[in-house]
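Biologist: Please show me the model, and let us go through the terms one at a time.

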Amino acid sequence: MDRSLAEPWTTGQRVLAGTLLGCAFLLLLLFALNIPFSHPSSSILYKFGWDKTLLRGGKIAGITVILLLAMQPVLIARFSLLGRIFGTSSHFTLHRVNGFILCCLIPLHPVLVRAAENFAPIPFVKKYWPEYLGIVLICLLFLLGAGALWRKKIPLAYPLWRTVHALSGFLLLIAALVHAHFVSTSFQAGLPRIFLFALAAATTLLFFRLRKRILT
Amino acid sequence: MKKLLRLLAVTMILALAAPALSQANQWRFDEAHTRFFFDARHTFSLVRGQFDDFSGSVWFDPEKPETGRFEFTIPVKSINTNISKRDSHLLSDDFFSARTYPLITFKSTRVTPSGDKIFLVDGILTIKDVSKYVTLPFTFLGQKANPLNPGEIVAGLEAALTINRLEYHVGTGQFAEIGVVGRDVDIIVTLELLRDK
């Protein structure tokens, strides 16, 4: 049956589906946030006391950002289920709010992680490329956020801006997954690794679903 | 008067040349084949690391060891144990505090022969805020025309030394107490030195 012809859901159905979806997301978030505890990286194992808490906090912030970043394309993918629950117009509002939360949350990640190391500088050598990739990604995320916030001040036609914004967003997400995989030993085996690869696969599939909208 | 001036000139030349004549040969590092290794115990196993970057000067002549001089400067940030996470942890305040103490230095004060091909190099080893007198017992491995570059002479020297890292404030002892990182660290210096013929 054509989904557009399907009967609209009652408020009760919407609340129930919304709650179930919210719970599913919360479960995913809880699983992700538990990674620094259930699969601590070697750097967490070698920290004590306050430093350990700071490092764990930084990692939790980073994982949350990745998960919220992964939600961004979902929110603008116009899934009929999301449309029925939240209404079609609220997609973009959620996308914007989520983007705002991301930009607020991301500075916590490097600040807490580096605070655990007393802000010791990272030597600029090849082996620390995952750390430097992270720095570049934070800058790009802010650029992406600023570009969206002050879109009208950018001398780009809306369709072109949208293509640039969406493409950069996808690349940013994939690069963030690469960063997470190589920067932390937590993600190099077991469930956390599967979690990252599943996110990468879902992102790729989503890109193919949205490619016509993105590239035209 | 002319004779006096000539005598003065000869005396001055000899005076200037004398230290140079008595000084040992100056060598440069074959950087690809000179290494500053360290071994530390991790729980049970041995972790080997090295410093990828170093500089310094070596003056050494096995015939005149007393004229020898060894100076090494090692940037701490060049530490390499093959695991970047471990390296960044070693650079942190938990171990080397590389931001505050970026260099490890060794400056010899005396070189004395000790048995067959053994030369004791006394000097000051500075790690972090601690400078201590140590003796590097170098084994002279020999010298010969460089087989790869006949215009050069190549020489080999090797020394090993064990230090207690806690005496140099490399760590607070927290990791040693829980039996994770040993106190004693073996330092292995292997020098391949070059000079023109």
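Modeller: Angles under 35 degrees count as roughly parallel, over 145 as roughly antiparallel, 65 to 115 as roughly perpendicular and the rest as oblique. This is a predicted model, where local features need pLDDT of at least 70 and side-chain atom pairs pLDDT 80 or more, while totals for chains, interfaces and linings use all residues. Residues are numbered from 1 along each chain as its sequence is written, and chains are lettered from A in the order in which they are written.

Biologist: Why are H3(A) and H6(A) called roughly antiparallel?

Modeller: Helix H3 (residues 49-75) and helix H6 (residues 108-115) of chain A pack at about 160 degrees, with axes 7 Å apart. Roughly antiparallel requires an angle over 145, so H3(A) and H6(A) are roughly antiparallel to each other. Angles run from 0 to 180 degrees between N-to-C directions, and axes are lines fitted to C-alpha atoms, for helices over the stretch in contact.

Biologist: What makes the contact between H3(A) and H6(A)?

Modeller: Residues in contact have C-beta atoms, placed from the backbone, within 7 Å. Among them are Leu54(A) and Val65(A) of H3(A), and Leu108(A) and Leu112(A) of H6(A).

Biologist: Which residues have the most contacts inside the largest nonpolar core?

Modeller: A nonpolar core joins buried Ala, Val, Leu, Ile, Met, Phe, Trp, Tyr and Cys residues through C-beta atoms within 7 Å; buried means 20 or more other C-beta atoms within 10 Å of a residue's own. The largest has 31 residues, and those with the most contacts inside it include Val58(B), Phe96(B) and Leu193(B). S8(B) gives the most to this core, with four residues. A second, separate core of 21 residues includes Ala61(A) and Leu137(A).

How values were computed: A residue is buried if 20 or more other C-beta atoms lie within 10 Å of its own, exposed if 12 or fewer, and partly exposed in between; C-beta atoms are placed from the backbone. Helices (H or I, at least four residues) and strands (E, at least two) are DSSP runs, numbered from the N terminus. Two residues are in contact if their C-beta atoms, placed from the backbone, lie within 7 Å.
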